[in-house]
Amino acid sequence: MSLAAPSLTDRVTSLAFDAHILHAGFLGSDMVVVTSEGIVQIGRENPPFRPHGDAILSVVQDQKRLLTGGDDGAVFEIRAGKTPVEIARGKGWVDTIASGPDGAIAWSAGRQVFSRDAKGNLRTLALDSSARGLAFFPKGYRLAIAQNGGALLWFPNMSATPEKLEWKGSHLDCTVSSDGRFVITSMQENQLHGWRLADKGHMRMSGYPAKIRCMSWSYDGMWLATSGAEAAIVWPFAKDGPMGKPPRECGARPARVTKVAFHPKALVLAIGYADGWVLLVRLTDAQELLVRAGGDGSPISALAWDAEGRRLIFGAESGAAGLLDLPV
Amino acid sequence: MSDKIPVTVLTGYLGAGKTTLLNRILTEPHGKKFAVIVNEFGEIGIDNDLVVGADEEVFEMNNGCICCTVRGDLIRIIENLMKRKGRFDAILVETTGLADPAPVAQTFFVDQDVGEKTRLDAVVTVADAKWLKDRLKDAPEAKNQIAFADVILLNKTDLVSPAELREVEARIRAINPYAVLHKTQKCAVPLDAVLNRGAFDLERILEIEPAFLKTGDHDHDHNHDHHHDHECGPGCTHEHHDHGHDHDHGGLKHYHDEDMQSVSIAIDGEVDPEKFMPWINDVVQLEGINILRSKGILAFKEEPKRFVFQGVHMILDGDLQRDWKPDEKRVSRIVFIGRNLKDDELRKGFLACAA
């Protein structure tokens with residue numbers, strides 16, 4: 001970006017934590033930060049707490065609650081101002097977790113996948129290889145699971161064996177489009193794989209120099225932004241999906257994109273980089289706004305908007321963080 | 001060296017003494033904190049160390065390379081551990097007794113994120129002095145572990161006679177003449193014999209010669225570390241260049257293992273990189289599945305620096321290192337350890353790369 005590019009840096013409040021920031025977000029008007037050493041901070045003034053004795057490995061949230069999985073085998077549901085609720089405690093690291101519609105929760109520890117509906121009915125599924133990524137469908141009670149060799153689609157309340165979507169290779173993270181038509185996984189082999197469920201059509205999205213560990217859908221469900229390259233790679237998902245269409249490249253810089261987060265109400269993408277920079281890019285005209293010019297240089301490891309799209313929070317591996325208040 | 005976290009892989013057949021070694025490493029007063037990746041939670045776990053259970057999930061990379069297998073669970077565990085840097089100084093990976101070390105080692109070269117934050121230091125194999133001989137006959141895993149090793153602890157030496165010990169040592173040397181071997185009881189070795197070896201570090205591959213020709217296979221004498229790194233000057237009388245398979249290795253009987261061998265080839269001079277690079281790439285592409293380990297130090301034509309490479313199956317890592325010293329003879333040497341190696345073909349192929 002050019003030096004003359006407009007900047008929002010004077011609207012950023014700096015925050016500091018003492019460990020790798022695993023997750024950042026908002027619960028209502030309260031900011032949320034979770035570190036890998038197990039600290040949860042909700043709201044700037046409240047005391048931090050440690051729901052798990054030790055490390056937190058996985059975090060997900062929706063508008064109302066934060067879900068955490070730890071190396072103690074436990075899963076907690078945390079709401080602002082309330083005591084954390086222990087949902088489950090088992091053996092092994094809980095290193096994937098997903099939040100579903102109507103209060104459902106899914107998590108995995110190694111080859112065991114657990115799904116719990118809002119009423120508290122718990123279902124388990126034993127896999128032949130570890131679950132790596134979990135994502136609920138936006139409607140109905142259905143879970144997509146990424147693992148070695150493809151993805152599984154599971155209806156936890158029907159005991160039927162899950163449907164297998166096969167594609168050779170190791171699949172890592174998983175996401176489902178807002179209309180439920182597409183399941184996308186990131187892969188060990190630095191590419192995305194997608195399935196168009198209507199006809200089981202395969203979509204291979206490759207060309208990345210690194211693994212894609214962050215994906216974000218636009219509010220209208222038409223675009224999927226991804227990390228893993230020296231620009232945010234944004235795939236078009238209108239109509240039949242991205243096949244045969246080139247992706248957009250947003251915010252190209254000489255540093256790898258580590259985090260992407262689409263604005264909840266506009267086609268504006270927040271992009272975090274491996275050198276600590278944060279930019280906003282408007283998809284319609286590629287206009288860029290600077291949020292952070294690197295800070296301490298540590299890679300951005302967390303990035304999220306609030307529900308209104310008025311505030312943006314970011315965190316870095318070093319524990320540095322920042323809160324952007326957009327002008328009204 | 002970088003600030004990458006060193007990773008030591010402990011292998012060994014069932015009952016050889018891996019857990020004993022692990023406990024020894026953890027309990028020595030070294031002031032270091034370890035993250036330990038184990039398969040079964042046994043009698044280990046020290047307050048300051050992180051202990052993690054693993055699943056040994058081996059899978060193929062979908063990159064057309066059939067022997068490019070990696071440990072998926074290890075990638076996941078290390079990814080999580082590296083978010084907690086500061087909590088430990090080094091990582092120990094204990095494999096199951098039946099494990100092939102290759103997928104573990106390859107994980108560090110194939111996975112970019114793991115490779116950026118950690119470095120494989122060495123593969124340490126614990127062998128049972130009493131039972132190894134039998135296992136080499138009936139357990140291909142045991143043979144793999146010996147062939148793959150950078151450091152071998154020939155353990156439980158108190159349970160065998162001196163003659164039996166020499167016998168099993170000779171059997172080990174028939175498979176892997178290059179590993180540093182320590183004869184131990186209860187895995188009693190100084191920690192610097194197994195940690196911080198830099199066995200995969202190109203800058204520390206200083207010479208390639210059978211370890212037993214060096215001073216010692218020094219059992220309990222760890223102050224001789226510099227001997228590993230000694231360089232043969234012009235006054236060197238070691239008859240190790242192009243040694244054949246015909247002399248008596250320091251009093252050891254010579255065995256030939258039908259299945260697993262090492263092949264060492266030397267050119268008494270320079271190599272043409274234009275010929276060597278395509279040749280070595282072809283070799284590992286075609287024979288990589290049989291080649292467990294490879295190493296080489298080469299004098300390239302009109303190149304003042306030494307070219308050093310090391311490989312695991314099909315994966316090669318090579319670079320130009322320091323300058324050849326004025327008193328150093330510019331010779332080129334490569335070694336392979338593997339199964340059913342085509343000795344004549346390899347020899348002919350390498351010799352044809354001479355400048």
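The domain assignment of chain B, whose bounds come from an automatic or database assignment, gives domain 1 (5–228) and domain 2 (260–351). The model is predicted, so that local features need pLDDT of at least 70 and side-chain atom pairs count only at pLDDT 80 or more, while totals for chains, interfaces and linings use all residues. Residues are numbered from 1 along each chain as its sequence is written, and chains are lettered from A and ligands numbered from 1 in the order in which they are written.

Between the two domains of chain B, 22 residues of domain 1 are in contact with 20 residues of domain 2, two residues being in contact if their C-beta atoms, placed from the backbone, lie within 7 Å. On the domain 1 side, two or more residues each come from helix H3 (101–110) and helix H6 (140–148) of chain B, where helices (H or I, at least four residues) and strands (E, at least two) are DSSP runs numbered from the N terminus. The largest share of this side, 5 residues, is given by H3(B).

Chain B also contains an open sheet of 7 strands in the order E3-E2-E6-E1-E7-E8-E9, with parallel pairing; two strands pair if DSSP finds at least two bridges between them. Strand E3 (50–53) and strand E9 (180–183) of chain B stand at the edges with a single partner strand each, so one side of each is left without a neighbour in the sheet. Within the sheet, strand E1 (residues 5–12) and strand E7 (residues 118–128) of chain B run parallel and are joined by 8 bridges, and Thr11(B) stands opposite Thr125(B) in E7(B).
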